[in-house]
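Okay, everyone, let me share my screen.

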Number of protein chains: 2
Amino acid sequence: MAGEKEEGLQLLDLWVSPFAQRCRIALAEKGLAYEPLEQDLSNKGDLLLRANPVHKKVPVLLHGGRPVCESLVILHYLDEAFPETPALLPSDPHARAHARFWADYADRKVFECGTRLWKRKAGSEPQLQARREMVEALRILEADLGDKPYLAGEAFGFVDLAIVPFAAWFLGYERLGEFSVEEVCPRLAAWGERCGERESVARSLHPPEKVYEFIGYLKDKYGDK
Amino acid sequence: MAGEKEEGLQLLDLWVSPFAQRCRIALAEKGLAYEPLEQDLSNKGDLLLRANPVHKKVPVLLHGGRPVCESLVILHYLDEAFPETPALLPSDPHARAHARFWADYADRKVFECGTRLWKRKAGSEPQLQARREMVEALRILEADLGDKPYLAGEAFGFVDLAIVPFAAWFLGYERLGEFSVEEVCPRLAAWGERCGERESVARSLHPPEKVYEFIGYLKDKYGDK
């Protein structure tokens, strides 16, 4: 039942993770109460290692203690285990395929290029290559958005909630890659703003400046020297 | 209706692609007739470029001319667009999450390590690293298999059909990595054999020796020199 703790829903979480954030947005959209369990990834706890022994990563959803790993798998699980809550995925098979395709695209391209942007040395050829690929990936995403208000169409949907966490990372991508999302993809930038006005999104994301600070920490700790 | 050409189903295909093969197995399991359209990836045709402009890859399912791209998206689409055919995914939400998790795992780990095995120079440190990671990935998969006959449980299911195409690549992985799947993962090797006896699989895969020959072609053309 919306608003109650559903047979003990818990989310092994990390505030800045776009993959955890999409789960938080989904839980909020569904009105499902849960206990967020913030993880320390520099010192992974037993609960995380037991719940996700394969990838050892957040997010993990625990439902009555049983783990579901990988964020897109979790989004599907929420639709299927709580069919009485508002559906995240659309009902039309083609629209569902569209949503899955683009969520996967963002994970493979946008996130992956973003990682190379902070990991590779500033100004090095691999970092410049990551910048070119990031701009291209965002342009491809913007082309799919077209003139629609949301990637899902007229209303905010699965594909928007899956991808909007990356919008909080745009500022970091811009500073690392020395480009402006607003300039190269104005409609995508406006889409990010539009999604950010939604309560479920506003409550689940963090200010871009704080994300940028975190990227600096990643770069110092794990970036190429 | 099973056995008839469903509103013009066509599969942009490549005989050796594990991603195309899982779609072929799924179509066979569902008894859906389709027109296979073998693609020449060294000279990509207009149909492929129009149907999958983002990734420009096989497989693509055309349903009444409308494209669905990415193999796992296609498998979901087949279940959702043809609900009267035998379901590929199980009905239980946890079992569905399990199937999705492991199919994604195989794509990210097994396929990715396999690519590095042929792409990196034989005996180089990156290739030896790929070998270690491949053995580890197969062991993790085998641990999930446990004593079950199939990854899906007692019966062949979604996760089996998604992963079994990689079994036809095992011989190639073994020769490139100088290890034996039979030795390091005997239950997984037996699972591959067991799945291979199924008609839908036998009809969709190709002999490991032929796959190995193809890997040699890939290595010559795209491998590190």
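Let's start with two helices in chain A, α5(A) and α9(A), which are roughly perpendicular to each other. This is a predicted model, by the way, so everything I say comes from computed coordinates. When you look at two packed helices, you describe them by the angle between their axes and the distance between those axes. Here, α5 covers residues 125-145 of chain A and α9 covers residues 186-196 of chain A, and their axes come within 8 Å and cross at roughly 75°. Why do we call that perpendicular? Because anything from 65 to 115 degrees counts as roughly perpendicular, and α5(A) and α9(A) cross at roughly 75°.

So who is touching whom? From α5(A) you have A:L138, A:L141, A:E142 and A:L145, and from α9(A) you have A:P186, A:R187, A:L188 and A:W191. Sort the residues in this contact of α5(A) with α9(A) by class and you get six nonpolar, no polar and two charged.

Now hop over to chain B for another pair. Helix α1 of chain B, residues 18-30, packs with helix α3 of chain B, residues 71-81; the axes come within 9 Å and cross at roughly 10°. That makes α1(B) roughly parallel to α3(B). On the α1(B) side the contact has B:F19, B:R22, B:C23, B:A26, B:L27 and B:K30, and they meet B:S71, B:L72, B:I74, B:L75, B:L78 and B:D79 in α3(B). By class, the contact of α1(B) with α3(B) has eight nonpolar residues, one polar and three charged.

Okay, zoom out to the domains. Chain A is divided into domain 1, residues 5-81, and domain 2, residues 93-222. Their C-alpha centres lie 21 Å apart, and the contact takes 15 residues from domain 1 of chain A and 25 residues from domain 2 of chain A. Between them, domain 1 and domain 2 of chain A bury about 1,900 Å², with 68% of it on carbon and sulfur atoms. Three names to write down for domain 1 of chain A are A:W15, A:R22 and A:I25: they supply 30% of the area it buries against domain 2 of chain A, more than any other three residues.

An unreviewed UniProt entry lists residues 92-214 of chain A as "domain: GST C-terminal". In the model, that span is 73% helix and 0% strand, and its end C-alpha atoms lie 39 Å apart.

Next, the two chains together. How much area is buried between chain B and chain A? About 2,300 Å², and carbon and sulfur atoms give 66% of that. The contact takes 25 residues from chain B and 25 residues from chain A. In chain B, B:E80, B:H94 and B:F101 lose the most area to chain A, together 27% of what that side buries.

Most peptide bonds are trans, and most residues other than glycine have a negative phi. But A:V58 and A:P59 are joined by a cis peptide bond, with omega about -5°. You'll find A:P59 in the loop between α2 (46-51) and β3 (60-63) of chain A. Chain B has a cis bond joining B:V58 and B:P59, with omega about -5°. And A:K56, in the loop between α2 and β3 of chain A, has a phi near 60°, a positive value in a residue other than glycine.

Definitions and conventions: Residues numbered from 1 in each chain as written. Chains lettered and ligands numbered in written order. Predicted model: local features only at pLDDT ≥ 70, side-chain atom pairs only at ≥ 80, totals over all residues. Heavy atoms only, no water. Axes fitted to C-alpha atoms, helices over the stretch in contact; angles between N-to-C directions. Helix = DSSP H or I, 4+ residues; strand = E, 2+ residues; numbered from the N terminus. Parallel < 35°, antiparallel > 145°, perpendicular 65-115°, else oblique. Contact = heavy atoms within 4.5 Å. Nonpolar A, V, L, I, M, F, W, Y, C, P; charged D, E, K, R; others polar. UniProt positions renumbered as here; feature names shortened; annotations may be inferred. Domains from an automatic or database assignment. Buried area = accessible area lost by both parts, 1.4 Å probe.
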